[in-house]
Amino acid sequence: MNIWNATSNFILLGLFNHTGAHLFLFVMVLTIAFSSLVGNALMILLIHQDARLHTPMYFLLSQLSVMDMMLVSTVVPKMAADYLTGQKSISPAGCGLQIFIFLTLGGGECFLLAAMSYDRYVAVCHPLRYPFLMSWQLCLRMAVGSWFLGAADGLMQAAATLSFPFCNTHEINHFFCEAPTLVHLACADTVVFEYVMYICCVLMLLVPFSLVLISYSLILAAVLEMRSREARKKAFATCSSHLFVVGLLYGAAVFIYMRPKSYRSANRDKIVSVFYTIFTPVLNPIIYGLRNSEVKGALRKCYESVCYLKS
């Protein structure tokens, strides 16, 4: 096959076709994405405004909300514009930028969720030593480390992916540029890169996921020793909710990035990608924040302040 001109644009085939049913799904996705932006923005505002939420736990939660907002903003506006205008092209530089930002945020969230699980472990299992074991210095290092590791992975994969020559087929059967989908179009031997990407996924996904499981296993062990049935019920509900979100994010990412090339299906990959690019960001502020009594108290206080100003 002829080598495709590297200065030409890619074509994103998108998630939806222009039919009535797909229009309904498109509007639904936009509604969920908007809800995600509003929910995470509200979470950041509450954490910033209420002094009672100026703790390591809520600082990490605010970082998660920032990542979720950026993730939705990276993928959904381009997808919506392509659907509405019919112009589905994206430049190689824009494609590389999408891969970099997406992997930076996705990898950062993986490590940030591990840091948040450690915070909950210390709070439940070692409450008296919490100020020492979860100091602000450690909290800041965890947050910066999450951003840095995600950015390192994103930069490496974006640069490596775009370094391949591409053949005449330059249509990407996806609604955004994702490294595995783009590598599939490469007109070169990508075995070494796929092996390296697999190693990166082990480090970026399975290592933090293992830390999350260990933390919550220790939390559940401590919960089982509680005498209060109500306390156990509340702790179980919280842990199960958190693990559901964690499982959704890690499970979808492992499915996309750790499968052999021969087992890939473009349509299936697009559906799975929706979960961690659109649905998970709207669940995070609900599970981690709005079900929390302190956050609900801050929200009530903010609402009362607004009502007082209007009166």
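How many cavities of 30 Å³ or more does the structure hold? The answer is four, where a cavity is a set of points, on a 1 Å grid over the protein atoms alone, at which a 1.4 Å probe fits but cannot get out. The largest cavity has a volume of about 190 Å³, taken as the space filled by probe spheres set on grid points joined across faces, edges and corners. Lining it are 17 residues (each with an atom within 4 Å of a point), and L103, G106, G107, L205 and A253 are the closest to its centre. Two or more lining residues come from each of α3, α5 (136-162), α7 (191-224) and α8 (229-257), with α3 giving the largest share, six residues. Helices here are DSSP runs of H or I with at least four residues, strands are runs of E with at least two, and both are numbered from the N terminus.

A quick word on the source: this is a predicted model, in which local features need pLDDT of at least 70 and side-chain atom pairs count only at pLDDT 80 or more, while totals for chains, interfaces and linings use all residues. Residues are numbered from 1 along each chain as its sequence is written, and side-chain values use heavy atoms, leaving out hydrogens and water.

Helix α3 spans residues 92-125 and includes D119. With a relative accessible area of 1%, D119 is buried (buried is under 20%, exposed over 50%, partly exposed in between, using a 1.4 Å probe and protein chains only). Its side chain makes a polar contact with that of R120 at 2.8 Å; such a contact is an N or O pair within 3.5 Å, with one atom able to donate a hydrogen and the other to accept it, and sequence neighbours count only if both are side-chain atoms.

C177 sits in the loop between β3 (171-172) and α6 (179-183), and it is buried too, at 1%.

| Residue | Touches |
|---|---|
| D119 | P56, M57, L60, Y130 and M134 |
| C177 | L12, I90, C95, Q98, I99 and I172 |

There's also an open, mixed sheet of three strands, ordered β2-β1-β3. β2 (89-90) and β3 are its edges, each pairing on one side only. β1 (residues 10-12) runs antiparallel to β2 over two bridges (at least two DSSP bridges make a pair), and F10 has I90 as its bridge partner.

How values were computed:
Contact means heavy atoms within 4.5 Å. On a 1 Å grid over the protein atoms alone, a cavity is a set of points where a 1.4 Å probe fits but cannot get out, and a pocket is an open set with protein on both sides within 12 Å along at least five of seven lines; lining residues have an atom within 4 Å of a point. Lists of a residue's contacts leave out its neighbours within four places in sequence.
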